[in-house]
Amino acid sequence: MPRTLGTQITMEKTPSYFVTREAPRRIFTMSRDTKLIVVVRNPVTRAISDYTQTLSKKPDIPTFEGLSFRNRSLGLVDTSWNAIRIGMYALHLESWLQYFPLSQIHFVSGERLITDPAGEMGKVQDFLGLKRVITDQHFYFNKTKGFPCLKKTESSGLPRCLGKSKGRTHVQIDPEVIEQLRDFYRPYNVRFYETVGQDFRWE
């Protein structure tokens, strides 16, 4: 991490931190006062999105259904597949709570980040103890992407949006497969809601 003055906040992001077993201890060892921000979304949607992105790079991978289940007729989900395992948020959170109190972790709703980006960013600014400077006027809805983008960045007058890999149309999945995965994730979701004190309504 770079040297930081008392008046500065240094931020760093990596999607894999939350699910990497060694990360909580390493971050705690570096700085036990670190504030953590975790963006979560419906785990079924997240798995489909993950698969869609992988499929765009490796078109010959097995079907989503084939990767999701060890035995679909018995409803046995394959939790060794990363796309499935990542969405078991309650399990991953346990590792973090061994080192950090819940008060140092803020959870951002991936769904509300799309429907109300300024509202979610307002909560992030509050959590970090910052003045609310990011508001509705900083965003516009990009119809092509299907989600909000920044109108402009500090360094440029040009709009700023996430890269080409974001916002692509998801692969169509059998509704019965989706229902089975919802059933699988339900107890993990409930545990997660109860632990963080927030209902994300992933039904």
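Buried means under 20% relative accessible area, exposed over 50%, and partly exposed in between, with a 1.4 Å probe and protein chains only. At 14% relative accessibility, His106 therefore counts as buried. This is a predicted model, in which local features need pLDDT of at least 70, side-chain atom pairs count only at pLDDT 80 or more, and totals for chains, interfaces and linings use all residues. Residues are numbered from 1 along each chain as its sequence is written, and side-chain values use heavy atoms, with hydrogens and water left out.

**Nonpolar cores**
- A nonpolar core is a set of buried Ala, Val, Leu, Ile, Met, Phe, Trp, Tyr and Cys residues joined through side-chain atoms within 4.5 Å.
- The largest has 20 residues, of which Leu93, Trp96, Ile105, Phe107, Phe192 and Phe200 touch the most other members.
- Two or more residues each come from helix H1 (23-30), strand S1 (36-40), helix H5 (89-97), strand S4 (105-109) and helix H8 (175-196); helices (H or I, at least four residues) and strands (E, at least two) are DSSP runs numbered from the N terminus.
- H5 supplies the largest share of this core, four residues.
- A second, separate core has 17 residues, including Ala47, Ile48, Val77 and Ile84.

**His106**
- His106 lies in strand S4.
- Beyond neighbours within four places in sequence, His106 is in contact (heavy atoms within 4.5 Å) with Leu36, Ile37, Val38, Lys123, Val124 and Phe127.

**His170 and the annotated site**
- An unreviewed UniProt entry places a "binding site" feature at Arg41, Ser49, Lys166, Gly167, Arg168, Thr169 and His170; such annotations may be inferred rather than shown by experiment, feature names are shortened, and positions follow the numbering used here.
- His170 sits in the loop between strand S6 (147-150) and H8, and counts as partly exposed because its relative accessibility is 27%.
- Leaving aside neighbours within four places in sequence, His170 contacts Arg41, Thr45, Ile48, Ser49 and Thr52.
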